[in-house]
Amino acid sequence: MQNNNQKKVAIELININKSYQKGSNKVVVHDNFNLSIAKGEFVALMGPSGLGKSTLLNLIGGLDLPTSGSVIIDNQRIDTLSEGKLSTWRAENIGFVFQSHHLLPVLTAQGNVELPLLLTALNSKQRKQHASLALRLVGMEERAKHLPKELSGGQEQRVAIARAIVSDPKIILCDEPTGNLDRKTADEILTLLTTLNKYFGKTIVMVTHDLRASEYASRVINLEKYIHDSKQNQLSAVEVNS
Amino acid sequence: MNIFQLVWVNSFRKKTRFSLTCISVMIAFFLFSILAGINHALTSNVSSNNQLRLLTSHKISLARSLPINYQQKIAVIAGVESVSYASWFGGFFKDETNQLAVLAVDHNSYFEMFDEYYISKLQLEQWKKTRTGLVVGQAIANKYDWKVGDRVPLNSSIWMNREGSFTWPFTVAAIYQSADGASGEKQIFFQHSYFDKARAYARNTVSWLTPKVTEQADVDEVSQRIDKLFVNSNGATRTTTEQVFIKERVQQFVDMAMVIKLVVIAVFFTLLLIVCNTMVQSNRERLNESAMMKALGFSSLFLIAQVYLESFFILALGALFGCMFALLCLVWLSQLFANFLPGIAIDNSHYLSVALLVLTAATLCSLLPALTLNRLTISKTLGAKA
């Protein structure tokens, strides 16, 4: 922990409260939640369903806003940004990898990877070059002209990772990236993510239920235990103060 | 890869749906263009640039004749420069399907007053000397291959001659051209004096008179003076400007066109709903992808622009083919109905209307998907729950 504190902070969630209305009931997902992730960390968020792992990922990625509290990424508070600015910020800073890869079925692997580059100032030739490079990094250059339906699950996920890294974001958020894959393919994907973390310095936050997947991470956060410990610390702090 | 390529691949995602929607749009624009072509025929040649010419007809109906001596009576009214007259012959050539617009006119004054018909002086003089002479429009002459000197028998569906025949012998004496081109060269004229002496009944009458007012005269005042002169006679008149008269005559056709127009508008709105439905359905099927694109950083505006361009593409493609087919069809129709309904064609302004309709329809069709995309919550749509 001390080692992490010495590093620069990439992601900081401060006093996050998140609740939503389900019918007439108010469901509290996070209550005064705090988390800090250093630059270059590979964090695995684990824990039982319903604890708010994906919600945390959405908050970090600016896909959702907290009810209260602050989300600070690279010293920039993002929960106060307008929708338009948040979109631009996402395009520049975050890469997403989802369990269902959500590739556009009408575009080839190359087309899918090129997609985020439409938001950059790159010209057509440069976009193609960047996309080819990203595909080469994930070992999919030979499948560049293939449509998603012509690829296996693992290959689709590789293309999704290529799409996530093509605009060179600082942070990659993965929501159960190996959830739909067999063991061997899952290991390949996790090795790829580890490479991106170790050799390209990407900060990776991965939500997973897979214990094996967590072995690839530099830090594993068991959310249930983390929340419990945090509350105990807060209580202790209150008692000391009083 | 750019937004247009995205629109292109997304449009052809469901080929059958795309084709059917396109065909629906095509039919709508086909009907719209055909109607425009027919409407053009009904309303073309109805304008008159001459503001000084009036038209005096029987107050009750144009079918009722007026005494020919009204010419002298009107000529002396203050503000009237000259008076001519004409009678409707109702002619056809050989077969009733070859209907012709034939008028018996005052050979002394008619072409001096109607100077939009270009006739060589020589031919005009020749015509005035030929009792049974015809002045034929260039388009008609070309169609039937008539030349000056040809003997042409014309039939009337109204007038019998003294011999008890409805077939009248004529000789082509002159051929005129019009500034309006072929559409203005479809009338035939002959001498009223011949008509009046040769017809079996209703002699010394005319269908209508055409007084021309002086440039200083007040047209309304002169019209009132003319009508006042005959107010208590059997031949009470109604005088209007030539423009008003032509518009009134065409009105019945225009009303018919209005009915057809309303029907086409109804069809068009139904098709608009079909395109709207297609766009809403297509957008709903792609909500996950739209949410993913939003997650990647694409703005709602980009996604809405994409939907708008897709709507525009379907509508523009349908409109293009609809107009093309209509154009081909109208060429065929204009040849088929050259005699009954000359002037079937698409006006250039119609294409502007089509473009405006496409743009408007594309906007309307994009509204609902745009609302959905604007409200789209990425986390909920991608199924990321707490």
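Predicted model: local features only at pLDDT ≥ 70, side-chain atom pairs only at ≥ 80, totals over all residues.

User: How many bridges join β6(A) to β7(A), and do they run parallel or antiparallel?

Analyst: Five bridges join β6(A) to β7(A). The two strands run parallel.

User: And β6(A) itself, is it buried or exposed?

Analyst: β6(A) is mostly covered, with five of its five residues buried.

User: Which residues sit on which side of β6(A)?

Analyst: A:I94, A:F96 and A:F98 are on one side. A:G95 and A:V97 are on the other. Both faces are covered, and every one of these residues is buried.

User: OK. What does β7(A) do on to β8(A), how many bridges there?

Analyst: Five bridges join β7(A) to β8(A), residues 203–207. That pair runs parallel. In it, A:C174 stands opposite A:M206 of β8(A).

User: Zoom out. What is the strand order of the sheet in chain A?

Analyst: The order is β6-β7-β8-β3-β9. It is an open sheet of five strands with parallel pairing.

User: Which strands are at the edges?

Analyst: β6 (94–98) and β9 (219–222) of chain A. Each pairs on one side only.

User: Switching to backbone angles. Which residue in chain A has a positive phi without being a glycine?

Analyst: A:E176 is one, with a phi of about 50°. A:E176 lies in the loop between β7 (171–175) and α7 (183–200) of chain A.

User: Is A:E176 buried or exposed?

Analyst: Buried. The relative accessible area of A:E176 is 16%, and the cut-off for buried is under 20%.

User: What about chain B, where is B:K94?

Analyst: B:K94 lies in the loop between β4 (91–92) and β5 (99–105) of chain B. B:K94 has a positive phi of about 65° and is not a glycine. At 68% relative accessibility, B:K94 counts as exposed.

User: Next, B:R199. Which loop is it in?

Analyst: B:R199 is in the loop between α7 (192–198) and β11 of chain B. At 0% relative accessibility, B:R199 counts as buried.

User: How many residues apart in sequence are B:R199 and B:M160?

Analyst: They are 39 residues apart in sequence. In space they are 5.9 Å apart, C-alpha to C-alpha.

User: Helices now. At what angle do α11(B) and α12(B) cross?

Analyst: Roughly 150°. The axes of α11(B), residues 300–336, and α12(B), residues 348–375, come within 8 Å. The two helices are therefore roughly antiparallel to each other. α11(B) passes α12(B) in a right-handed crossing.

User: What residue classes make up that contact?

Analyst: The contact of α11(B) with α12(B) has 20 nonpolar, five polar and no charged residues.

User: Last one. What pLDDT does chain B average?

Analyst: Chain B averages 88, and 92% of the residues score at least 70.

User: Which element of chain B has the lowest mean pLDDT, and which the highest?

Analyst: Helix α9(B), residues 242–285, has the lowest, at 78. Strand β11(B), residues 205–206, has the highest, at 96.

Notes: Residues numbered from 1 in each chain as written. Chains lettered and ligands numbered in written order. Heavy atoms only, no water. Axes fitted to C-alpha atoms, helices over the stretch in contact; angles between N-to-C directions. Helix = DSSP H or I, 4+ residues; strand = E, 2+ residues; numbered from the N terminus. Parallel < 35°, antiparallel > 145°, perpendicular 65-115°, else oblique. Left-handed = near helix turned anticlockwise from the far one by under 90°. Nonpolar A, V, L, I, M, F, W, Y, C, P; charged D, E, K, R; others polar. pLDDT = per-residue confidence, 0-100. Buried < 20%, exposed > 50% of the residue type's maximum accessible area, 1.4 Å probe, protein only. Pairing = 2+ DSSP bridges.
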